[in-house]
Amino acid sequence: MEELKLQEKARANFNKIYNCCQAVACTACERYGVSREDMFRMTEGFGSGIGGLKDTCGAVMGMFLVISLANSAGDMGDPTRTKLDTYAKFQEAARLFEERRGSLYCRDLKTQDGPQPLPCCMACVEEAAQILEDLLKKWDLLP
């Protein structure tokens, strides 16, 4: 199976001052039919815990977005076809992230202040990207 190295790509994105969500979501979106530019634009407001609200970590949101792209049947005639399976995949990914980082929430994870890229945020970006890569392989969702 092809080596994705999403963690390295996410780190490079974050070092370019992409927000946490953009850094993760832009690593694999093209594999599932969404251009990097479109994903970058769609995720602009999801950094800093969803628009600065310090809610769900942006890196987690980026991981979720790629999981949706990878798993959804995209069947608008039968919207429930893959929905519950996608929810289950979100729950597994969230559990792994929370086990490794201690929380899903930016307000708990952002332990430093100052300009990005903050080391605490970089750790979340790297962890989310690694979990994403591991799970995409486990679930056999790589195109």
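**Loop residues and helix packing**

Author: In this predicted model, a polar atom of the side chain of Thr 27 lies 2.6 Å from the backbone oxygen of Val 24.

Reader: Where is Thr 27 placed, and is Thr 27 buried or exposed?

Author: Thr 27 belongs to the loop that runs between α2 (20-25) and α3 (36-42). Buried is the word for a relative accessible area under 20%, and the relative accessibility of Thr 27 is 8%, so Thr 27 counts as buried.

Reader: Leaving aside neighbours within four places in sequence, which residues is Thr 27 in contact with?

Author: Contact here requires heavy atoms within 4.5 Å. With the neighbours within four places in sequence left aside, Thr 27 is in contact with Leu 6, Lys 9, Ala 10, Asn 13 and Leu 132.

Reader: Which side chain makes a polar contact with the side chain of Tyr 18?

Author: Leaving aside its neighbours within four places in sequence, Tyr 18 is in contact with Asn 13, Ala 23, Cys 26, Arg 36 and Phe 40. A polar contact needs a pair of N or O atoms within 3.5 Å, and at 3.1 Å the side chain that makes such a contact with the side chain of Tyr 18 is that of Arg 36.

Reader: How are α1 and α8 oriented to each other, parallel or antiparallel?

Author: Helix α1 (residues 6-15) packs with α8 at an angle of about 150°, their axes being 8 Å apart, and α1 passes α8 in a right-handed crossing. An angle over 145 degrees counts as roughly antiparallel, and α1 and α8 are therefore roughly antiparallel to each other.

Reader: By class, how many residues of the contact of α1 with α8 are charged?

Author: On the α1 side, Leu 6, Gln 7, Ala 10, Arg 11, Phe 14 and Asn 15 take part, and they meet residues of α8 including Cys 121, Met 122, Val 125 and Glu 126. By class, this contact of α1 with α8 has nine nonpolar residues and three polar ones, while the number of charged residues is four.

Reader: What is the orientation of α6 and α8 to each other?

Author: The axes of α6 and helix α8 (residues 119-138) are 10 Å apart, and the two helices pack at an angle of about 140°. Roughly antiparallel would need an angle over 145 degrees, so α6 and α8 are, to each other, oblique.

Reader: Which handedness does the crossing of α5 and α6 have, left or right?

Author: Helix α5 (residues 58-71) and helix α6 (residues 83-101) have axes that come within 10 Å and cross at roughly 150°, and α5 and α6 are therefore roughly antiparallel to each other. The crossing of α5 and α6 is right-handed.

Reader: And how many residues of the contact of α5 with α6 are nonpolar?

Author: Val 60, Met 63, Phe 64, Ile 67, Ser 68 and Asn 71 in α5 meet residues of α6, among them Phe 90, Ala 93, Ala 94 and Phe 97. The residues of this contact of α5 with α6 include three polar and two charged, and the nonpolar ones number eight.

Note on methods:
Residues numbered from 1 in each chain as written. Predicted model: local features only at pLDDT ≥ 70, side-chain atom pairs only at ≥ 80, totals over all residues. Heavy atoms only, no water. Axes fitted to C-alpha atoms, helices over the stretch in contact; angles between N-to-C directions. Helix = DSSP H or I, 4+ residues; strand = E, 2+ residues; numbered from the N terminus. Parallel < 35°, antiparallel > 145°, perpendicular 65-115°, else oblique. Left-handed = near helix turned anticlockwise from the far one by under 90°. Nonpolar A, V, L, I, M, F, W, Y, C, P; charged D, E, K, R; others polar. Buried < 20%, exposed > 50% of the residue type's maximum accessible area, 1.4 Å probe, protein only. Polar contact = N/O pair within 3.5 Å; in protein donor to acceptor, adjacent residues only side chain to side chain.
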